[in-house]
Amino acid sequence: MSIILIKKVIRKSIVQSIKSCDYDLNINEKDIKLDETKNKDIGDISTGISFVLSKKNQQTPIQIAQNIIENISINKNLIIKISVSKPGFINFHLNIKTLYENLFQIIIKNKKYGQSSIGTNKKALVEFVSANPTGPLTVGHGRQAVLGDVVSRILEFNGYSVEREYYYNDAGRQMRVLEESIKSRFIQIFDEKNEFPEDGYFGEYIEDIAKDILIKELELKNLKELNIFLTNLNASDKKLHLKNIDRINFRKFGEKVIFNNIKNTLKRININFDNFINEQKFYDDGSIDSILKIFEKTKLSYKKDGAVWLKTSNFGKEVDTVIIKNTGEPTYRLPDIAYHTNKIKRGYDLIINILGADHKDTVPDVLNGVKALGFEINHIKVLIHQFVSLIVKNEKIKMSTRKANFVTLDDLIDMVGVDITRYFFIMRGKQSHLNFDIDLAKKESDENPVYYLQYAYARICNILKFLDEEVNLELKKTNFNLLIEKEEISLMKCLNCFDEIIIDSLNTLEPQTLANYLQQLATSFHKFYANHRVINKNKELTNSRIKLILSAKIVLENGLDILGINHPEKM
RNA sequence: GCGCCUGUAGCUCAGCUGGAUAGAGCGCUAGCCUCCGGAGCUAGAGGUCACAAGUUCAAAUCUUGUCAGGCGCACCA
């Protein structure tokens, strides 16, 4: 029986016992907090409920604990022993049979082991990355990309059918600046003195795009040919080439190149989006107009200084917010509201939006706007993650695509590989302000914790290769009772917790919970491996241990699959 | 100035719905392969859990204040 169900049984038994002891306290099962004990000699699961009870009842915690365990009735097949310790804890000792039974379940269920049915027949939408195509994805985007993908995988493991969605805007100010930047670099090819826009995109990729455009214009094959062409150019030729510049669509070309690059990068780290949604859609289908009319009608918006304002002060904000500039152009909030109502109308059971900390303050505006339009928003979850800071020569640098002080996600993948890239971002909580030191990343990549997990997996695969044909591996004939060593038991206990970890990561949507668990599991396996031989002269014991490591293999595999990390059989 | 996030070992970070002796990796010190992979295992050094008060039987965890850092507070997205 899984740890979740065992805990349920314990809670129920405690509540019944408390009632039969006539203690004065209204307590239900949810109030009984159960903890894993650190020291397994004391017990496996403990509770401090006696401390709570001793307050209203004139007895010491120890006395209460004694009373509770004297009056408790609990299935001996699950809990073999209950004890009281020091100031008044009640400790439950698991019956080892439950661990054996769990191994059996793991092997039967295999890839399905640990899955819950919470999301069965439910649809979820996860929106993430959503970077406008103004430059390559940076390690900053990488954090969000991996977080979003793993959140999606957690949902899928729990039965949800998930759509991954990327929302972008290729019409705003950013894109105009991009266009000017490319154009300026293009002109600079012929006229070095041409001024580059002060707030332009300074990255080298802009020059590359400009050159690509020229290569295409001149119908050349590659950069080499272009360089030859340019060295042979005289002054009057240069002017000639700048003459036709207005018919070139710099923005469109740039967008195409950059978007391809972004999609490529995502593909490299095994992230595949189902939908790409362009903001323009909501102008075209009239939803922005109709929302505007509703706001006007319900007096949630008003005109002032030539602009249209949304009364965000009605939602508890200090000031109102402009939704249409005096130029007649909407700010991003309006299409965002339209987009979110569109998400809701598409009928998902769960809508997740992953955003960087810089967007946090806009969330209430959008959600309140959607709510004001009469939509239910309880099934929308917004996950905020903190930034990745770049450490260069021991100094923190804020990454900016515009200022071109960033490390691209592609560079990171080139340096350390896909698995370490993914693991790097999910082994830490999304609220941590990550420091990314590129030199350290290179240096540590050989010693990275992700290898520790993969090594455990590869070791298991390797052992299985040495199996003697004479060993009877029939599951029903397996004598689990032979697994009694300390390391075997702690490995089995670890395996027993997987389903709880899964539920936990579903509730919190924090992937690092799972990453931490897998580290523990790998440790537990490596310790077992170091102390005991799986394949040994005793064929019956060999079979039992094979079942144990097979279970570890299955759980490692299921866990790594959720994290989207490979588990090679050889390293 | 206001709001949100963070401060834990030399470094990078777990632990945070309060529970028993605060953990991991890297780095440092010393051990362990006749034997299924030493990318591993064992032992050790290293901590006023930023600081201060409070709540509690119990605080790294909750509350308040202070200090330090990140991010917001646009007719940018």
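Reader: Which residues line the largest cavity?
Author: In this predicted model, the lining of the largest cavity is made of R143, L147, F425, I426, R428, G429, K430, E510, P511 and Q512.

Reader: What volume does the largest cavity have?
Author: About 50 Å³. The count of cavities of 30 Å³ or more comes to one.

Reader: Which elements give two or more residues to that lining?
Author: Helices α5, α16 (418–426) and α21 do.

Reader: And by class, how many are nonpolar, polar and charged?
Author: Four residues of the largest cavity's lining are nonpolar, two are polar and four are charged.

Reader: Which domains does the lining draw at least three residues from?
Author: Domain 1 (3–94) and domain 4 (448–563) each give at least three residues to the lining of the second largest pocket.

Reader: How many residues of that lining are charged?
Author: 11 are charged, alongside eight nonpolar and six polar residues.

Reader: Now the sheets. What is the strand order in the five-stranded one?
Author: The order is β7-β6-β5-β11-β12, in an open sheet with parallel pairing. At the edges are β7 (275–278) and β12 (380–385), each of which pairs on one side only. From one strand to the next, the twist averages 25°.

Reader: How many bridges join β5 to β11?
Author: Four bridges link β5 (residues 123–127) with β11 (residues 350–356), and the two strands run parallel. Within this pairing, A124 of β5 is opposite L350 in β11.

Reader: Which strands does helix α5 touch?
Author: Helix α5 (residues 139–157) packs on the sheet and touches β5, β6 (161–168), β11 and β12. The direction of α5 makes about 160° with that of β11. Helix α5 also contributes to the lining of the largest cavity, giving two or more residues.

Reader: Where does helix α10 lie?
Author: Helix α10 (residues 250–268) lies across β6 and β7, and runs at about 150° to β6.

Reader: What about the sheet of three strands, what order has it?
Author: That open sheet has the order β8-β9-β10, and the pairing is antiparallel. The edge strands here are β8 and β10 (321–324), each pairing on one side only. The twist averages 45° from one strand to the next.

Reader: Which helix packs on that sheet?
Author: Helix α12 (residues 287–297), which touches β8, β9 and β10. The direction of α12 makes about 135° with that of β10.

Reader: How many residues are there between β8 and β9?
Author: Two, and the two strands form a hairpin. In the turn, D305 has a positive phi of about 55°.

Reader: How many bridges join β8 and β9?
Author: Four, between β8 (residues 301–304) and β9 (residues 307–310), and the strands run antiparallel. Among the pairs, K304 stands opposite A307 in β9, and S301 has L310 in β9 as its bridge partner.

Definitions and conventions:
Residues numbered from 1 in each chain as written. Chains lettered and ligands numbered in written order. Predicted model: local features only at pLDDT ≥ 70, side-chain atom pairs only at ≥ 80, totals over all residues. Heavy atoms only, no water. Nonpolar A, V, L, I, M, F, W, Y, C, P; charged D, E, K, R; others polar. Domains from an automatic or database assignment. Pairing = 2+ DSSP bridges. Axes fitted to C-alpha atoms, helices over the stretch in contact; angles between N-to-C directions. Contact = heavy atoms within 4.5 Å. 1 Å grid on protein atoms, 1.4 Å probe; cavity = no way out; pocket = protein on both sides within 12 Å on 5 of 7 lines; lining within 4 Å. Points joined across faces, edges and corners; volume = space filled by probe spheres on them.
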